[in-house]
Amino acid sequence: MSIPSAGFPGATSGSTPAIYPTGSSGNSLQSTGFIPEIWSGKLVEKFYASTVLAAISNTDYEGEIKNKGDTVVIRTKPTITIKDYLADGLLEIERPASNIVELKIDKGKYFNLILDDVMEVQADLNMMNMWSDDAAQQFKIVVDGMVLKGLLGTPAAANKGTAAGKISQNVNLGATTTPIAIVARNPAATAGKVEIVDLLVRLGQVLDEQNIPETGRWVVLPAWIAAQIKMSELRDAALTGDSVSILRNGRLGMVDRFTIYVSNLLPSGVAAGLAAGEWVIYAGTQHGLTFASQINKVETLRSEMTFGQLLRGLQVFGYKVLDGTALAQAIVTPG
């Protein structure tokens, strides 16, 4: 007695009895529905761009906006003038005035999806949860990119350009059409090439000259500069103030008091208002930028137009540079 081969045996014209007359050909098993189509319960993993907004901004005023309105009027500390005292002299009176900054919730993003009833029956996945998770990530990416682009040019005049530095006025942080060419190492001291270590020191200097606190400083770099850090002398843990080398699992640590963040959402090229091949780098503290979201809602409801379930979401938000002296900007290009 012969043992059947593994899998489904294929019938031929020579079978007894013949399935098809001699000379005919049958359909494939799939096309006849003999082997049904199924949907896998496993999804291909999806990867998202890293978002940094939560790390580089503060949300100090979000609570006030959520409950009372769409605008917060923020008062900044006035600068008090110290005057010379003269014996028997009259004292001059100063009335300190605060600068007013308004944080408005004037931007919004949404999504609106439908899951047809027929699709819900046929699918063995929780489609709504899957879509909701993806939408939450897409919200972060879109908002991050929007804010990072909006920051272009907002740092104080002394914290950007080719003559930055409130005191020294000789720190070159680059400008559009005259960017800094960044390299990992420049052992031959080639003119016009700046090592990434030097750039980070320059950014730290302009913040120092603005009396910005050392604690809580951050810098956001594009991926190609992060790669140069890994090839530079910063691989030595002694330069990072860290207990281990920053070359650990591809994750960057701290350099010259800056926590290093890597983002592919930084403005670059003509689309961002720069020249082709140019990138912007931001540094600063959370004191400089505030962000608030008033409505962040995801809801489901039945469609009135067809048989299906709607999934829609809304995020209404705003951001504001509170203090441009707490932010710095460099315009760079690969060297």
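1. In this predicted model, a polar atom of the Gln228 side chain lies 3.3 Å from the backbone oxygen of Ile182, within the limit for a polar contact (a pair of N or O atoms within 3.5 Å, one able to donate a hydrogen and the other to accept it; residues adjacent in sequence count only if both atoms are side-chain atoms). With 11% relative accessibility, Gln228 is buried (under 20% relative accessible area, 1.4 Å probe, protein chains only). Beyond four places in sequence, Gln228 is in contact with Ile182, Val183, Ala184 and Ile196 (heavy atoms within 4.5 Å).

2. The largest nonpolar core contains 26 residues (buried Ala, Val, Leu, Ile, Met, Phe, Trp, Tyr and Cys joined through side-chain atoms within 4.5 Å). Among those with the most contacts inside this core are Ile182, Leu199 and Val332. Helix H5 (196-208) and H6 are among the elements supplying at least two residues each, and H5 gives the largest share, 6 residues.

3. Val332 touches, among others, Ile182, Leu199, Trp224 and Ile281, residues up to four places away in sequence being left out. A second, separate core of 21 residues includes Leu53, Trp218, Phe291 and Leu327.

4. In helix H4, the buried residues include Ala135, Phe139 and Val147. The buried residues of H4 pack against elements including helix H1 (53-56) and strand S3 (107-116).

5. Residues are numbered from 1 along each chain as its sequence is written, and side-chain values use heavy atoms, without hydrogens and water. As the model is predicted, local features need pLDDT of at least 70 and side-chain atom pairs count only at pLDDT 80 or more, while totals for chains, interfaces and linings use all residues.

Notes. Buried < 20%, exposed > 50% of the residue type's maximum accessible area, 1.4 Å probe, protein only. Helix = DSSP H or I, 4+ residues; strand = E, 2+ residues; numbered from the N terminus.
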